[in-house]
Structures are given as C-alpha cells and as structure tokens.
Amino acid sequence: MKYIETERLILREWTLNDVHDQVEGLSNFETAKNLAVPFPYTEKDSIEYISKHSKNGPNKYAFAIELKGTKKVIGGTDLGLNSKHENYCSGIWLNENYTGKGYGTETYIALDKFAFEVLNIDKIEEGFFEFNNRSKHLHEKVGYKIIGKSTAFCPALNHEVVEILTRLTKANFYNALKAPKLKEVYNNTIIHN
Ligand SMILES: CC(C)(COP(=O)(O)OP(=O)(O)OC[C@H]1O[C@@H](n2cnc3c(N)ncnc32)[C@H](O)[C@@H]1OP(=O)(O)O)[C@@H](O)C(=O)NCCC(=O)NCCS
C-alpha cells in the first residue's frame with residue numbers, strides 16, 4: 001500500500017521532512033492533553049518517532065495526514081497490533097488549527113476502510129480520555145461501541161486519567177456507513193496499492 005487518498009487528504013508514510021509540522025501540532029497543550037505523547041513535544045521526540053515509524057507494514061502502520069492542496073501535515077494516525085499481538089489498535093491527532101472541519105471524520109473512515117478491506121481484520125480497539133467529548137462523538141459516529149474503562153498517564157496533564165475503551169467491528173462500521181454523508185466520505189476514499 002503506497003498511500004490513502006480522501007477528498008481533501010493524503011495519508012502517507014512519515015518522513016523526516018515532517019518534523020516541523022509534527023512538533024507544531026503536538027506541542028500544543030489543547031491537543032496534547034488528549035494524548036499520551038511526550039509534553040512538551042520537541043524536535044528530538046519527533047525525530048525519534050518518525051525514525052521508528054517511517055516504514056509501514058506488515059502489522060503496524062503510521063500515517064502523516066497531509067492536506068492535499070498545501071501538502072501541510074496537519075496530523076497523524078496509526079494502526080497496529082498491540083503488544084500482546086491480540087488486537088489492532090488505532091489513534092489519531094490533528095493540529096488544533098485544523099480541527100472541527102471534518103478532517104477527523106475523513107481520516108477515521110479512510111483508516112477503517114483500509115483496516116477492514118485491505119488488512120481484512122475484523123475489529124479495531126481504541127480509546128479516548130473521559131473528558132474528550134469531541135473524540136467520543138467521533139468514535140460513536142463511525143460505529144465504535146464503548147467496551148470498558150482503563151487508566152492512562154497523560155504527560156501534558158502530568159497525571160493519570162480515565163480512558164474509555166472502545167471497539168469498532170466490521171459490521172458496526174458498515175452499519176454507520178448507512179448515513180449518506182459518511183457513505184460519501186467512504187466512496188471518496190481511494191487506497192493506492
Ligand atoms: C478528536 C479529533 C481527531 C476530531 O477531529 P475533527 O476533525 O476535529 O473532527 P470532525 O470535524 O470530523 O468532527 C467533529 C465532530 O465532533 C463534534 N464536536 C465538536 N466538539 C464537540 C464536543 N465538545 N462535544 C461533542 N461533540 C463535539 C462536531 O460537531 C462534529 O460532529 P458532526 O460531524 O456530527 O457534526 C481532533 O479534534 C483532535 O485531534 N483533537 C485533539 C487530539 C485528540 O483528541 N485526539 C483523539 C484522541 S482519542
């Protein structure tokens with residue numbers, strides 16, 4: 001798989017040219033308080049991450065989310081087998097300046113289409129911090145169901161937070177796509193092999 005294309009985005013492998021955009025996005029407290037990434041997020045963190053995650057497959061995929069027009073990297077998303085090799089897990093973040101414009105929805109649909117139709121997996125597990133209502137809304141919109149609770153350390157907040165655990169099955173994903181707007185996003189998603 002070379003890259004995933006949506007109406008407005010390209011999801012592609014990270015390169016070291018993306019360090020500036022990644023640091024810009026993740027060094028923002030409003031973004032980082034929802035994530036388990038280092039805080040403050042430095043160039044060194046970014047170089048380390050990209051060096052480890054710039055080659056995709058077979059069981060782990062990390063994508064820079066690039067805006068088609070300007071080629072700016074406005075976020076990141078990933079999908080991979082967890083440490084026990086039992087489940088595929090995913091995550092997402094967007095630069096705060098680019099939130100609330102539907103890019104999150106576009107990224108979720110693209111990643112899930114890739115997971116279910118190219119990797120042929122049958123479920124994806126994720127989570128969101130309990131105060132993250134926007135992420136909760138997005139999870140539910142694309143078909144994720146809540147399956148439990150855990151705790152995680154959030155470096156930006158510097159304390160443990162409650163994490164709500166979620167799961168998306170293939171069946172629930174296709175059920176969510178009955179909403180015409182989501183179906184259109186799905187139809188506009190092309191996976192370039
Ligand atoms: C969470 C995130 C990925 C969402 O992406 P986005 O591009 O902002 O999301 P979209 O614009 O596609 O959709 C946002 C939806 O949430 C809704 N929303 C926004 N703020 C909300 C809130 N406080 N409570 C509930 N819903 C909210 C919007 O109305 C929209 O719903 P709709 O499409 O049904 O109208 C992005 O905001 C982000 O990266 N945030 C910081 C990091 C983060 O939280 N990552 C996820 C960790 S689990």
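Select Leu11 and Ile65 to begin. Ile65 in E3 is the bridge partner of Leu11. The model is predicted. Now widen the selection to both strands. Strand E2 covers residues 9-12 and strand E3 covers residues 60-67. The two pair in the antiparallel sense, over four bridges.

**The sheet**

Show the cartoon next. E2 and E3 belong to an open sheet of nine strands. Follow the order across: E7-E8-E6-E5-E4-E3-E2-E1-E9. The pairing is mixed. Which strands stand at the edges? Select 145-154 for strand E7 and 190-192 for strand E9. Each of these has a single partner strand, so one side of each is left without a neighbour in the sheet. Turn the view to look across the strands. From one strand to the next, the twist averages 25 degrees.

**The whole chain**

Zoom out. The chain has seven helices along with its nine strands. Its C-alpha atoms fill a box of roughly 40 × 35 × 35 Å along the principal axes. How does the radius of gyration fit a compact globule? For 193 residues such a globule would have a value near 16 Å, and the chain has 16 Å, so the two agree. Buried residues make up 34% of the 193 residues.

**Around the ligand**

Now go to the ligand. Which residues come nearest? Select Asn34, Thr99, Gly104, Thr105 and Asn133. They are the nearest of the 21 residues around the ligand. Next, colour strand E5 (88-94), helix H4 (103-117) and helix H5 (133-141). These are the elements that give two or more residues to the shell. H5 gives the most, with six residues.

**Two cis peptide bonds**

Most peptide bonds are trans, and most residues other than glycine have a negative phi. Select Phe39 and Pro40. The peptide bond between them is cis, with omega near -5 degrees. Pro40 sits in the loop between helix H2 (29-32) and helix H3 (43-53). Move on to Gly57 and Pro58. Their peptide bond is also cis, and omega is near -10 degrees. Pro58 lies in the loop between H3 and E3.

**Two positive phi values**

Select Asn120. Its phi is near 60 degrees, a positive value in a residue other than glycine. Asn120 is in the loop between H4 and strand E6 (123-129). Is Asn120 buried or exposed? Count the other C-beta atoms within 10 Å: there are 8, so Asn120 is exposed, as the cut-off for exposed is 12 or fewer.

Finish at Asn158. This residue is not a glycine, yet it has a positive phi of about 60 degrees. Look for Asn158 in the loop between E7 and strand E8 (159-169). With 8 other C-beta atoms within 10 Å, Asn158 is exposed.

Conventions:
Residues are numbered from 1 along each chain as its sequence is written. This is a predicted model: local features need pLDDT of at least 70, side-chain atom pairs count only at pLDDT 80 or more; totals for chains, interfaces and linings use all residues. The radius of gyration is taken over C-alpha atoms; the globule rule is 2.2 Å times the number of residues to the power 0.38. A residue is buried if 20 or more other C-beta atoms lie within 10 Å of its own, exposed if 12 or fewer, and partly exposed in between; C-beta atoms are placed from the backbone. Two strands pair if DSSP finds at least two bridges between them. Axes are lines fitted to C-alpha atoms, for helices over the stretch in contact, and angles run from 0 to 180 degrees between N-to-C directions. A residue is near a molecule or strand if its C-beta atom, placed from the backbone, lies within 6 Å of it.
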